[in-house]
Amino acid sequence: LTFSLLSVTLLVSFGSSMLYGYNLAVVNSPAVHIKAFYNATWFQRYGHSLAPGPLTLLYSLTVSIFALGGLVGSLLVGVMVERYGRNGTLSRSTLLVLLAGGFMGFSRELGSPEMVIIGRSIMGLHSGRCCICLSVVPLYLGEIAPKNLRGFLGLVPSIFICLGVFFAQVLGLPELLGKDRFWPLFLSVVVVPASLQLLLLHCFPESPRYLLIERNDIYGATKALHRFLGTPDVQDVIEEMKEEQQSLSTVEMVSVWQLLRDRSVRWQTLSVVVVNAGMQLSGIDAIWFYTNTIFENAGIPVSQIPYTTVGTGAIEVVAGLIGCFTIEKLGRRPLIITGFCAMGICSAGITVSLLLQTSVPWMRYVSVACVVGIIAGFCMGPAGVPFLMTAELFTQSHRPAAYIVGGSLNWLCNFTVGFVFPFLQMSAGAFCYLVFCGVCLLVALYVYLVVPETKNKTFMEISNIFA
């Protein structure tokens, strides 16, 4: 693991993946203050306050518009990575964070709830283009890493997602930025890591696979490999990439429609669809977006909720580290199967604890333990392995289209859960978590039956396994 390889992994994870995690959780603690701002603005404009229903609808839109922006961004990934490369796409997309931070930071000064919603959608656009869900980060890291480190480096972004959630929970404490006057700053602090990435990313080379296979730049690819691998002898890697290039010489970069119609990769495509959709329909976004509400419904005293939330965030980071440092020993399949099974069992546990909490007071602590279990199970495997698998299951010609398919479904399901969950919770009560339980167990079963282990295999070897 060379200094350049580690540095670029940490930089893109800090400047992109961490922002995704931060924006998942940042709307949780200031929810009361943002709703009060919406109400006050509405009263100033129209002379009356918002009713509870429309206010819930407006706030749900604020939460879920992030995913809608991500969906739009995901559709642009193929064009961006083909035109600008992996490194270039990350640099250009970082400018969106600065724009989004400006909208959200000045929204209260200008008395505009619309600016909060627009800022959230632009942040989603950035995350859809280059973060965990759409994937230039896992695509870039998957292509620059040697195969024996691909799993480790592929899960580093998931640790930074957990760190982003954790930082949002810590900064949201009443002693820090959790006060009413600080919530615009709380939403816009994302400009700091984005600015650092923008300044430093140009110091690192483009993906060697992109340079050789798509740009036929053997000199540039060799130079980049020397930098990333830290060894003068990279001929074996060059030959492996040339072999892939030769096998793709008669194949153009496929579109999404061509990918969906290509029978030779139908099981890879179906696997990407199932795992990416299942990751979001597992209920993890409901947990992140509405942690405080879930704990409040579980009977946790309001004064203790922010600190309980921070405790769950710390456990997320530990779980992410466990997944990162064990993936090359255990493989991809055990982590993702175990993670989904743990999430499914804990979702059922939340339902049971909520139903019994009136008669059994200590059941509130079971609810907290189940929330922690869902988050820990997610961070150990499902948080990062699906995006790593998307890079590993396809050759260069199909990879961008596969990321568009997986990412689009990911964001669409993210939006659906974020928007629908408050209303589902109101109508179904504790039983709403059984939906997430069923999804998690079905995805675990599918991976067990269909998806092969990809540890320490080249992209061509993995393709041949499916063939």
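Predicted model: local features only at pLDDT ≥ 70, side-chain atom pairs only at ≥ 80, totals over all residues.
**Entry 1: a surface spot**

I began at valine 352, which lies in helix 18. I take helices as DSSP runs of H or I with at least four residues, numbered from the N terminus. Helix 18 spans residues 332-356.

Residues are numbered from 1 along each chain as its sequence is written, and side-chain values use heavy atoms, with hydrogens and water left out.

I then looked up the patch around this spot. Val352, Leu355, Leu356, Phe431 and Leu434 make a nonpolar patch on the surface, with about 420 Å² of accessible area together. A patch here takes residues with over 30% relative accessible area and no salt bridge; like charges are joined within 9 Å and nonpolar side chains (Val, Leu, Ile, Met, Phe, Trp, Tyr) within 5 Å. The areas come from the Shrake-Rupley method with a 1.4 Å probe, and for residues only the protein chains shown count as cover. Helix 18 gives the most to this patch, with three residues.

**Entry 2: domains and cores**

Next I checked the domains, whose bounds come from an automatic or database domain assignment. The assignment gives domain 1 (1-204) and domain 2 (256-466). Their C-alpha centres lie 19 Å apart. I found 57 residues of domain 1 in contact with 55 residues of domain 2, where contact means heavy atoms within 4.5 Å.

Which residues touch the most other members of the largest nonpolar core? Val8, Val12, Tyr140, Leu259, Ile336 and Ile350 do, out of 97 residues. This core draws at least three residues from each of domain 1 and domain 2. A nonpolar core is a set of buried Ala, Val, Leu, Ile, Met, Phe, Trp, Tyr and Cys residues joined through side-chain atoms within 4.5 Å. I also noted a second, separate core of 39 residues, including Ala25, Phe37, Tyr38 and Met123.

Leaving aside residues up to four places away in sequence, tyrosine 140 touches several residues, among them Val8, Val12, Arg86, Phe204 and Phe228.

**Entry 3: salt bridges**

How many salt bridges are there? I count three, taking a salt bridge as a side-chain nitrogen of Lys or Arg within 4 Å of a carboxyl oxygen of Asp or Glu.

Arginine 45 and glutamate 114 pair at 2.8 Å, N to O. Arginine 45 is in helix 2 (residues 31-46) and glutamate 114 in helix 5 (residues 113-130), so the pair ties together parts 69 residues apart in sequence.

Arginine 108 pairs with aspartate 180, with the closest N and O atoms 3.9 Å apart. Arginine 108 sits in the loop between helix 4 and helix 5, and aspartate 180 in the loop between helix 7 and helix 8, 72 residues apart.

Arginine 209 and glutamate 240 meet at 3.1 Å, N to O. Arginine 209 belongs to helix 10 and glutamate 240 to helix 12, 31 residues apart. I noted that arginine 209 is buried at 5% relative accessibility, whereas glutamate 240 is partly exposed at 21%.

Conventions:
Buried < 20%, exposed > 50% of the residue type's maximum accessible area, 1.4 Å probe, protein only. Helix = DSSP H or I, 4+ residues; strand = E, 2+ residues; numbered from the N terminus.
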